[in-house]
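This report goes through one protein structure part by part. Please keep the sequence and the 3D view at hand while reading.

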Amino acid sequence: MILVARTKRLQKVVQGYPFDFLPAFNNNLLQQFTAISSPAAALIPQALKLTSAIIKKARQKNTAIMSMRDLIDGDVEVDEEEQDEEFDEETEDDSSEEEDDDDEEAARAIREGFIVDEDEEDDDDARSRRRRREKKRRREQREEEGLDDEDLDLIGEANPEWERKTTQQPKFKRLKRGHRDDNEQDRERGLDQIFSDDEEQDAPLDYDRSFARPDHRVDEFADFIEEDELEDDERDRLAEEREVARPREKGYVGGGAETSGLDKDALDDMEAIFGNGEDYDWALALEDEAEAAEAGDQNLELKDVFEPSQLAEKLLTDEDNVIRYSDEPERFQLDRKPYKHLQITDEQFREEARWITSLIWPKKTFSSEMQAPFTKAISKVLEFFVVDEVEVPYVFQHRKDYLIHARKNKTRSDPNNPDAPDYEVSADKLLNQDDLWRILELDLKFRALIEKRNVLEKTYDNLKLAAGVNDATFEKMIPDAQTMEELQDIQDYLYFQYSSEIKSLQDANGESRAYQLVRAYGITADEVAQNVLMEGRKKYTEDPSLSPIDLADTLTSPEDFTTGENVLNAARAMFAEELFMSPKMRQHFRKHHYMAGLVSCARTDKGLKKIDEQHPFYELKYLKNQTFGDIASKPEMFLKMLKAEEEGLLEVKVSLQNEREFKRQLYAECRSDNFSEVADAWNDERQKVLDLAFSKLERTITKGVKESMRTECQDSILKICREEYSRKLDQAPYKPRGMVLGTIPRVLALSNGNGDPTRDACRNIPSEGNEFEDESGEERSEPLDIIIVNDEVARLYKDSPRAAVDHPAFAPLVRYCVGLAKYLQNPMKEYAALGKDIISLSFHPCQQLLPEDKLRRQLETAMVDMVNLLWCQYQRSAVLKSINANGGVVNTRDELVGDPDNNKLPVVGPRVWNNCASFLYIEYESANPASDYLDNTRVHPEDYELGRKMAADALELDEEDVKAEVDEGGAGAIVRKLIKDDEQEKVNDLILEEYADQLERNYNQRKRATLETIRAELLQPYEELRRNFGMLSDDEIFTMLTGETHDSLCEGMIVSVNIRVAKDDFIIAKLDSGIEGRVEKDDGSDNPGASLNHYHYASLKMRPYRKRIDREPGNWDSLQEQKDREELREKDKATGRVQRVVKHLSSGHSMPPKPKSISDHKHLVTLSFVLLPKEMINLAVTWKVADGVYQHLDVLELQKENEFSVGRQLRIGNKYNYSDLDELIVDHVKAMSKKVEEMMLHEKFQKGQQS
């Protein structure tokens, strides 16, 4: 672009020279540009061609040539930026119609060689912004784009009459800013002054020069001076003034007769010859647009304005848009995204049904004859999920008949009742909602299984094509693999058996020396596994004629193995690796570990000190010999084991019950039956190999077993959490007396505090219900119901952002009461409003051991089930109207997929509509003829015809009557007539069994349960199906108000209390939880005559409460427990104190620290709390004063609850008292440290030691 700009400027200068000057100018110009080593040099001939075309045009017109002075004064002074602005204002092309072919050729040269032609919008505002950016860029490039000394010398050589003016001293002049109405003429300048240094001094700023002339135009080379950057507001103001001051006449060029010295006729002739200076403005404009396009004038998007987290919260990311526009359930899109390109074949689909049946069937209690219909039901459910792409709520509500196995049992004929049916129907529910969610989850696991299996099969096929591999073990085991562990075993086997590392051990002619010894063992790894699995005929072991060591001596070599022992060690390692990699051997080990595995815990050195009798993991510290059945009954116990193992407190070991017998069987299947010294030597060698492989297999298998057991235990607890959450959700609003179930009552909530369970009680008093009508219709009046409700949601609500938005002026206590009232009105709605905070509620004591994502997903499925049971009653017509993409109203469910006849766009796609249509509630309006009564029910639109048929049969209408009603009132006229006439009870007279048999026989549709649903909805649409509001039990109320549970407070437990009142005959005490108790004289002392207030309670010693744990013989390592107690007792004697833990963030060592062990960075970087052997009532606090200087503070503990706790009063030097360690650190240690720092910062303080 520098070359192009320079060529344009030289072109303008050349326009003012005599034509005799042109050849010399072209030659010099060509010589100058030849030295440019750039691809832009190829554009030089086009520039010269353009210059020649302009001069040729002037000669053909036989016009007089203006003087160089007049041309420069009249044309060259026009700045190219000003020309751009004038070009933008004009809407028509001012070029002459007399342009010849040379002009077109010149224009084409500009297009092809200089300008990148791209489309750009012509909006005035956008162009104005681009011009401002271009002006700034041009100002930065003016210095190198201007004519330098070499250019000026070139012009001088071409015109001998011109001499370059050299100025010894610059002329300093100051130009006054011109006014818009100022008509003062600027002085004329000639060629000898256009490159003068005076210009640089005369015009330091662009806007000073622009207003120095009456026409307010800027000189061509005035921008060579580097200017200071202006502020945006200042630059816009100056541009506006310049725009206002500029003349508005079309075609205005030059300075007119006054500035050029020519009359009007001469100027007209000059314009006719050379044009008005705007002939090539279109090229400059295209250049501006192209460069602006490169800079990019992008349209703003949401992601350019908002943070990604904000977009994700509002579901406005690109992924959300893809989900929104795809006609597929969102849950399926997210879950199946990793397997999007996986295609399930028909055979794999049938295999999946069998695979899922094998996992779910063992947990059912059906008889064996039910297995076939059970498998068929699972296969049908999979078809709904995979083929029809419908979700769990749809299947459970509208495909119930496929989840039930109905049987017709023939009845005995009864002479007394000839109208009795010949058979009776019995039905068994095969699958419930939990099973449907489980099938959906297993479908994803099977897809992962198929994907991994496809990869292995492809790898094996490539091996067959490339190396001719034919492995019978792989081909047999790959179709039978049922778990990811088995597929991983096959993958390890494949990569081990045919890896380049193993192949490198074998030469082209046969086998390496060590591998020859492996073959001499007489049996392969797969044959050993086949024997232990009892597959096929037994493989017998053959012994070589030489002993192992003798045979190994014959295989030595100076390069690889120098001794026979080295050969034996290498052969053992290779054979053990083959046994370890054998998928059949791993299958055998895994099977026995699942069937006869035992789980035991072994404490670590860290656990020995940290797990005391008060620790929650103490019940696991010496636990051993737990079978998998025991773990299945207590899944939280195994999760606690793994948690303790992660913290380094315990080591969880999985072993076999009959490990010795298991090894003996392995040895027997590998031994030979020969009797000789050589045979015995080979059998010993095989046993060593098996021992080596056994240890490796045990480590790998036990690790996999532990992970599998972790998953199973998590699933068990997740199921419990889901059931508990479902129980909480399955509550209708509280029903006062005389009100219909499901009606939302008005509630008055009372509380005496902020929802603190240790202090506050909460009451909910429904304000309605005191006056009601009984069954006889008489009005009755009774006292209001006073209810204590669960406040777990209210405690979260009072401090939530939702409460702040709903009630910004309410105090937290008032919001707490609002939360109580809302919970009583609709519990499910309040639980749903918690969103992600739902996991903060307690559903199981050990739910913190579960992964959050799994817990959240299980709770979400419970919410989905309950919301769809209620059929989205909250989605009333007002909400549906707001989601209509056309801005109109939604009168029917069918309009959600669009109505082309009424020009309504679809809101959802057909597949999504099929899933959600029946769960959207549209209120029936009898006055609206377009309203359909069935849209007000749980009936799916696909079953509307069945409902209309049942209504017609109930009304006993024939086909002609039905046709007449439909022609007059539309498709829903029959049901509307049934409701209008209030004859819904007639549907009870219909015999639905025969109708269901007819549908199944003629249309292969099982609709028996669907017909029952239609009848119930015609009688009472949207009947409340949730249970009554659940009242809290006494234990639940006690836990809610006190925070105490059976584990923290129970009968017979020894607890610490605060004595509030002590009298002779009674004591009033208070627990830490706030519970107050009264101890009578008979219960307070074993001595009946003793006075209770005479005891010195502060000196009483209490032993910590130890929870009783029932242990079966053989499941607790009492011997190891006794050894550990002796070990700790010996350590306490050695240190002279009892083991004690100080629970504080700043606590350091339990032994007196050495000064060098404390950090030397700051005064308070490290604090060390040391227990002193003074009857366990003293602490020593050590803090750093300066480098190498420490202070030890002796702290006396007073008012100790027990010997292991920190005193409630801490005293230093019998002078300073503190209530806890935090106060001691802040008010004493940090205060002293601050004084030390102030002293060290004093100007007279000197560091170091004085000699």
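## A cluster of rings

Ring pairs join Tyr 725, Tyr 734, Tyr 823, Tyr 831, Phe 843 and Phe 1029 into a cluster. The count of aromatic pairs in the protein comes to 22. One of them is formed by Tyr 618 and Tyr 622, an edge-to-face pair with 6.3 Å from centre to centre and 85 degrees between the planes. Tyr 618 counts as buried because its relative accessibility is 7%, under the limit of 20%. Tyr 622 is buried as well, at 4% relative accessibility.

Another pair is made by Phe 662 and Phe 694, whose ring centres are 6.2 Å apart. Their planes stand at 55 degrees, so this pair is tilted. Phe 662 belongs to helix H35 (residues 659–670) and Phe 694 to helix H36 (residues 677–729), so the pair ties together parts that are 32 residues apart in sequence. Phe 662 is buried, with a relative accessible area of 2%, and Phe 694 counts as buried at 5%.

## Charges over rings

The ring of Phe 694 also has a charge over it: the charged end of Lys 663 sits there, 4.5 Å from the ring centre. In a second case, the charged end of Arg 336 sits over the ring of Phe 332, at 4.2 Å from its centre.

## The model as a whole

The structure is a predicted model. The protein has 52 helices and 17 strands. Of its 1251 residues, 41% are buried. Among contacts between residues at least 6 apart in sequence, 66% join residues at least 24 apart.

The mean pLDDT is 75, and 68% of the residues reach 70 or more. Over residues 58–100 the pLDDT is below 50, and this stretch has 93 contacts in the model beyond near neighbours in sequence. The pLDDT also stays under 50 over residues 1098–1102, where the model has four contacts beyond four places in sequence.

## Two buried loop residues

Leu 342 is placed in the loop between helix H18 (330–335) and helix H19 (346–360). Its relative accessible area is 15%, so Leu 342 is buried, the limit being 20%. Not counting residues up to four places away in sequence, Leu 342 touches Arg 447, Ile 450, Glu 451 and Asn 454. Between Leu 342 and Glu 451 there are 109 residues of separation in sequence, while their C-alpha atoms are 7.1 Å apart in space.

His 940 is found in the loop between helix H43 (910–916) and helix H44 (944–954). With a relative accessibility of 1%, His 940 counts as buried. Which residues is His 940 in contact with, leaving aside its neighbours within four places in sequence? They are Tyr 394, His 398, Asn 914, Ala 917 and Ser 918.

Strand E3 (residues 597–603) is joined to E5 by seven bridges, and the two run antiparallel. Within this pairing, Ser 600 stands opposite Lys 653 of E5.

## Helix H49 and the residue after it

In helix H49 (residues 1034–1042), the buried residues are Ile 1037, Met 1040 and Thr 1042. Just after H49 comes Gly 1043, which takes a positive phi of about 80 degrees.

## A three-stranded sheet

Strands E10, E11 and E12 form an open sheet in the order E10-E11-E12, with antiparallel pairing. Strand E10 (1058–1062) and strand E12 (1076–1080) stand at the edges. Each has a single partner strand, so one side of each is left without a neighbour in the sheet. From one strand to the next, the twist averages 25 degrees.

Strands of a sheet pair through backbone hydrogen bonds. Here four bridges join E10 to strand E11 (residues 1066–1070), which run antiparallel. The bridge partner of Asn 1058 in E11 is Lys 1070.

How values were computed
Residues are numbered from 1 along each chain as its sequence is written. This is a predicted model: local features need pLDDT of at least 70, side-chain atom pairs count only at pLDDT 80 or more; totals for chains, interfaces and linings use all residues. Side-chain values use heavy atoms; hydrogens and water are left out. Buried means under 20% relative accessible area, exposed over 50%, partly exposed in between (1.4 Å probe, protein chains only). Contact means heavy atoms within 4.5 Å. Two strands pair if DSSP finds at least two bridges between them. Rings of Phe, Tyr and Trp (its six-membered ring) pair if their centres lie within 6.5 Å; planes under 30 degrees apart count as stacked, over 60 as edge-to-face and the rest as tilted. A charge sits over a ring if NZ of Lys or CZ of Arg is within 6 Å of the ring centre and within 35 degrees of the ring normal. Axes are lines fitted to C-alpha atoms, for helices over the stretch in contact, and angles run from 0 to 180 degrees between N-to-C directions. pLDDT is the predictor's confidence in each residue, from 0 to 100.
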